[in-house]
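Trainee: Could you walk me through the charged and aromatic side chains in this one?
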Amino acid sequence: QVQLVESGGGLVQPGGSLRLSCSASGSIFSIGAMDWYRQAPGNQRELVATIRSGGTTNYADSVKGRFTISRDNAKNTVYLQMNGLEPEDTAVYYCNALGLVTGGSRFSAWGQGTQVTVSS
């Protein structure tokens, strides 16, 4: 079983910054892609950023140039540095990880979500 725990959300003024963290634990053999999603009230969950095990990244057009995803493979942790935050970034942010547990089975795990609110 794999658990993901997120931290770093909060209230920030427009133009401000936040850094989200998500750490995976459990019977992990390897982790492939790690993603950040977000869901605003009344909206579907959307993919914000992806980082693969080799370090390649992809971003939603709405966050390119403002958000940076990174990971520490030794700590099974993914980060999302968010700069230039806008009210439209307000949402619950979720991390997701795909990989293999010891024994070889695949897993897809989600964090519990962390609230990010951008408001003056």
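The chat below goes through salt bridges, charges over rings and one backbone angle.

Mentor: Before we start, please keep in mind that this is a predicted model, and that whatever I quote was computed from it.

Trainee: Which side chain does glutamate 46 meet in a salt bridge?

Mentor: Glutamate 46 meets the side chain of arginine 38, with an N to O distance of 2.7 Å.

Trainee: And are those two buried or exposed?

Mentor: They fall into separate classes, because arginine 38 has a relative accessible area of 5% and is buried, whereas glutamate 46 is partly exposed at 34%.

Trainee: What about aspartate 89, how far apart are the closest N and O atoms in its bridge with arginine 38?

Mentor: In that salt bridge the closest N and O atoms of aspartate 89 and arginine 38 are 2.9 Å apart. Aspartate 89 sits in the loop between β8 (77-82) and β9 (91-101), while arginine 38 belongs to strand β4 (residues 28-39), so this pair ties together parts that are 51 residues apart in sequence.

Trainee: Is aspartate 89 buried or exposed?

Mentor: Aspartate 89 is buried, with a relative accessible area of 1%.

Trainee: Which residue does lysine 64 bridge to?

Mentor: Lysine 64 forms a salt bridge with aspartate 61, where the closest N and O atoms are 3.1 Å apart, and aspartate 61 is exposed, its relative accessible area being 65%.

Trainee: Switching to rings, how many aromatic pairs does the structure hold?

Mentor: There is one aromatic pair in the structure.

Trainee: And which ring does arginine 19 lie over?

Mentor: Arginine 19 lies over the face of tyrosine 79, at 4.0 Å from the ring centre. There is also arginine 45, whose charged end sits over the ring of tryptophan 110 at 4.8 Å from its centre.

Trainee: Last topic, the backbone: what is the phi of asparagine 76?

Mentor: Asparagine 76 has a positive phi of about 50°, although this residue is not a glycine.

Trainee: Where is asparagine 76 found, and how exposed is that residue?

Mentor: Asparagine 76 is found in the loop between β7 (67-72) and β8, and with a relative accessible area of 24% asparagine 76 counts as partly exposed.

Technical notes:
Residues numbered from 1 in each chain as written. Predicted model: local features only at pLDDT ≥ 70, side-chain atom pairs only at ≥ 80, totals over all residues. Heavy atoms only, no water. Salt bridge = Lys/Arg side-chain N within 4 Å of Asp/Glu carboxyl O. Buried < 20%, exposed > 50% of the residue type's maximum accessible area, 1.4 Å probe, protein only. Helix = DSSP H or I, 4+ residues; strand = E, 2+ residues; numbered from the N terminus. Phe/Tyr/Trp six-rings, centres within 6.5 Å; stacked < 30°, edge-to-face > 60°. Lys NZ or Arg CZ within 6 Å of the ring centre and 35° of its normal.
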